[in-house]
Amino acid sequence: RTMVLNVEGINCPYKRQEIEEYAETRSISLGLFSETQHAHSSEEGGAERVNTEGETVRGKYKWFYSSGAKPEDVEKSEKMKREGKRRPQEVFEKARERAGVAIMISKQLHKHMETIEPAGSRMMRVRLKLQKKMDIIIVYAPPVDRPDTEKDAFYEQLKKMIEDTPAKNTLIIAGDLNAKAMKPKTDVEAKVIGKHAVYHPE
């Protein structure tokens with residue numbers, strides 16, 4: 001089972017734990033998250049929690065984050081914060097992540113993970129080696145109010161990632177595309193949109 005969610009930030013200490021608990025009770029093995037606002041491109045173990053014996057344990061998932069913030073900018077900002085220094089706005093903005101994507105994978109499914117490819121603040125790919133190899137791309141598209149250059153760059157990057165996927169692999173693209181589906185006007189549109197869309201009023 002897979003869950004796809006715009007988390008609107010995941011830096012709250014308890015949000016990741018709540019997501020893991022929700023996923024675990026529903027036997028979800030893969031989570032694809034957008035708008036994490038997490039400034040690190042990193043790998044982390046499951047969220048810490050206290051069990052019934054009062055012991056601190058890790059959850060049953062691994063997390064992978066992708067961010068567009070430069071590691072040196074993030075480290076500079078965090079160091080100033082640790083030292084109690086006032087961070088200039090320029091330092092804060094360089095280390096800030098407004099987008100960000102993440103993949104949460106169960107430790108059982110992690111055994112079948114072949115590669116993980118962070119690709120900036122709006123895209124990441126995971127390749128799973130199952131009965132057939134599967135490429136899953138999690139995306140967070142720029143909203144309509146972002147500059148056209150940013151939106152064009154996003155779709156060019158997505159196009160390249162699709163083209164780089166071996167034809168024999170199953171390809172899945174999931175996430176928040178910041179799009180509104182209107183009722184189809186042609187047979188081609190109906191085929192693309194499918195039968196299960198929630199339509200936006202025209």
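Predicted model: local features only at pLDDT ≥ 70, side-chain atom pairs only at ≥ 80, totals over all residues.
Which residues are buried in helix 5? They are Lys151, Phe154, Leu158 and Met161. Buried means under 20% relative accessible area, exposed means over 50%, and partly exposed lies in between, with a 1.4 Å probe and protein chains only.

Residues are numbered from 1 along each chain as its sequence is written, and side-chain values use heavy atoms, without hydrogens or water.

## Overall makeup

The chain has six helices and eleven strands. Helices (H or I, at least four residues) and strands (E, at least two) are DSSP runs, numbered from the N terminus. The chain holds 202 residues, and 36% of them count as buried. Contact means heavy atoms within 4.5 Å. Among contacts in the chain with a separation of 6 or more, 61% join residues 24 or more positions apart. The chain exposes about 12900 Å², and carbon and sulfur atoms supply 51% of that area. Accessible areas come from the Shrake-Rupley method with a 1.4 Å probe; for residues, only the protein chains shown count as cover.

## Helix 5

Helix 5 runs over residues 148–163. At 1.5 Å a residue, its 16 residues should span 22 Å, and its end C-alpha atoms are 22 Å apart, which agrees. The expected span is 1.5 Å times one less than the number of residues. An α-helix has 3.6 residues a turn, so residues three or four places apart point the same way. The buried residues of helix 5 pack against strand 8 (113–118), strand 9 (123–129), strand 10 (133–140) and strand 11 (170–176). On the other side of helix 5, Asp148, Thr149, Asp152, Glu156, Lys160 and Glu163 are exposed.

Six of the six residues of strand 6 are buried, so the strand is largely enclosed by the rest of the structure. Tyr61, Trp63 and Tyr65 point one way from strand 6, while Lys62, Phe64 and Ser66 point the other way. Strand 6 pairs with strand 7 (residues 101–106) in the antiparallel sense, over six bridges. Two strands pair if DSSP finds at least two bridges between them.

The structure holds three aromatic pairs. The rings of Phe33 and Trp63 have centres 5.4 Å apart and planes at 20 degrees, so this pair is stacked. Phe33 lies in strand 2 (residues 30–34) and Trp63 in strand 6 (residues 61–66), so the pair ties together parts that are 30 residues apart in sequence. The rings of Trp63 and Tyr65 have centres 6.0 Å apart and planes at 15 degrees, so this pair is stacked. Rings of Phe, Tyr and Trp (its six-membered ring) pair if their centres lie within 6.5 Å; planes under 30 degrees apart count as stacked, over 60 as edge-to-face and the rest as tilted. Phe33, Trp63 and Tyr65 form one aromatic cluster.

| Residue | Relative accessible area | State |
|---|---|---|
| Phe33 | 0% | buried |
| Trp63 | 0% | buried |
| Tyr65 | 2% | buried |

## Loops

Most residues other than glycine have a negative phi, and most peptide bonds are trans. Glu8 is not a glycine, yet has a positive phi of about 50 degrees. Glu8 sits in the loop between strand 1 (2–6) and helix 1 (15–25). Glu8 is exposed, with a relative accessible area of 60%. Ser27 is not a glycine either, and has a positive phi of about 55 degrees. Ser27 lies in the loop between helix 1 and strand 2. Ser27 counts as exposed, at 55% relative accessibility.

Thr36 lies in the loop between strand 2 and strand 3 (43–44). Thr36 is buried, with a relative accessible area of 0%. Leaving aside its neighbours within four places in sequence, Thr36 is in contact with Val7, Gly9, Ile10, Asn11, Ala99, Gly100, Val101 and Ala102. Thr36 and Ser66 are 30 residues apart along the chain, and their C-alpha atoms are separated by 9.1 Å.
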